[in-house]
Amino acid sequence: MQETERTPLLGGERLARAAASFPRLSSNARDLAPPSAAAPSPSPPTASADVQILTQEEIPEDEADGSNSLDGPSQETLTEPATEGGKEDCVDGLLRSKAATEVAVRMRDPAASSFTSSDLGMGEGEEARAYWQRYWVLLLFSALAFFQCSMWSSWGPLNESVQAAYPNWGSSTVAMMANWGTLTCMGFVLVGSWFLHAFGLRVGVLTGAGMLALGTALRTLTVQDVAFTALSNVCAVLVGLAGTMLISAPPMLAALWFPPTERTTATAMSLVANRLGTAGSYLESFFVRQPGKGVSPSVIKEEIRSVMACEAMIALILFMLTVAYFPPRPPSPPSITSAIPRLRYREAVRSILRNRDLMLLIIAFSIFASVPVAWMSVFNYSLKEIGFGQDEAKWIGLASSFSSALFGLVSSRLTDLAYGHVRASLLVLTFLSCSCFFWFFLMTWHTIPPVRWQVYASVAGGVSLNFAMSPLFVELAVEAAYPCPEVVVAGAALTLENAASSAFLFAFFFHHSSYNWVTFCLLASGSLCALPLLLAREDYARSTIDRADPSLSTRSTHAS
């Protein structure tokens, strides 16, 4: 193992300074500090008009045995926060009392306070470490997320070719192939988040990678019309089930492997890779020809089968790489909050449902993200009405995907560097995204002529600015929900988002004389999310703890 300079995380004078800024956490600070460096013990927190306290309800025996389960203790012992002059109490003006008390429960509970240096695996002088292996973990996970989205949207870019090769396929069949992904995510994402929470990151990611390998292999077995259609539907379901793991895991991976100043960027990398999967699906159209003179349906069938075989091989390679090396967590946590156990699953779900600000953020996220993401899998139909065919659509799709990646990474990195202005950034991005969609709306309704460069700019700009909000929404929701597990928060947000996406895709089953109604949905999804976003309050409960003392920085090292 490469030796590097180590920075104490939970011990000595730095621990005392960090704990001093959070009076309710000081008792846990004393538990975690090495005996030789412990500061004089202040008196434990007591009930008062301006300090949130626990009720006198006793902790059940199974929760008071000092175990270090990642499920964590229940938060049922919380009381309503005390108020003065209609305002909620704060801890040094940084944490709202409800969030501070939830952290206090985690710290003061016997199961949490026994989580000491030996449990952290750091020995004397606890320290935060950021291992270089985190980049491999993020790269491999991002590759899986990229591939999952490519398989989810694989048929939209080939709509003309597949309908020529398989005459029983229409716009409803193409839309349904994408809709299976949204339906399975909507129905099983909470199950997937529970699975990740219960069995860990490695097992969850392996399961998702296995589903991708199995699904893509099945649809290579035949080109016979009925059997191929059935196997393609089965593949779409398995891809959707894999998505329940791979789409909800990014904030969990970021919290386990990355320090506070890199968490939003790490979350964005996974989400960006997933969005770039749309670009990957448009690459298929380079290998499958569009129907025309000299291109028979049988030739198109064979070209489709060749592409499916290549994709099955890629899925198998990714699965084998995941089996070979994908650690469940680093040897030592990269931040204070990474070392603190989270709430149990059921308590976390109840906490999410009771958290007003979090629910407003989830509603805003589901409104803004649902339609544009689903639209990208079928947007060929909107472009066809203004004179852009499959060949031109693939370039617009590629431009939109790559610009989305750029905007998402830039917005996330700026958030990590200048933390604390997430809601303002989201409102600005909402306005800019709606402006681009309104521009496209005017062209689809022929209010202005659909000039080629304007179509590229309006579609790519609207989709990119919309996607740039995703990692910011996810991180703000995780902050507001702390100490709920990150994967459960992401699962709750994705459940509602996929329900809205599925409703949009089901609309393609009805007969429409035109697809101009889609542009109304794009405008509505962007503008309606502003209201719940304005009503939600910003709460940086997790990062306030991690960033309380600048000296609690994280140094990089190699895992042994």
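**Close-up 1. Phenylalanine 438 and phenylalanine 441 both belong to helix H19 (residues 422-444), three residues apart, about one turn of the helix.** Helices here are DSSP runs of H or I with at least four residues, numbered from the N terminus. This is a predicted model, in which local features need pLDDT of at least 70 and side-chain atom pairs count only at pLDDT 80 or more, while totals for chains, interfaces and linings use all residues. Residues are numbered from 1 along each chain as its sequence is written, and side-chain values use heavy atoms, with hydrogens and water left out. Phenylalanine 438 is partly exposed, at 44% relative accessible area, whereas phenylalanine 441 is buried, at 14% (buried means under 20%, exposed over 50%, partly exposed in between, with a 1.4 Å probe and protein chains only).

**Close-up 2. Tryptophan 439 and tryptophan 453 have ring centres 5.9 Å apart and planes at 70°, so the pair is edge-to-face.** Because tryptophan 439 lies in helix H19 and tryptophan 453 in helix H20 (residues 452-467), the pair ties together parts that are 14 residues apart in sequence. Rings of Phe, Tyr and Trp (its six-membered ring) pair if their centres lie within 6.5 Å, and planes under 30 degrees apart count as stacked, over 60 as edge-to-face and the rest as tilted. Tryptophan 439 is partly exposed, at 26% relative accessible area, whereas tryptophan 453 counts as exposed, at 55%.

**Close-up 3. Ring pairs join Trp155, Tyr166, Trp169 and Phe228 into a cluster.** By the ring-pair rule, the count comes to 21 aromatic pairs.

Conventions
Helices (H or I, at least four residues) and strands (E, at least two) are DSSP runs, numbered from the N terminus.
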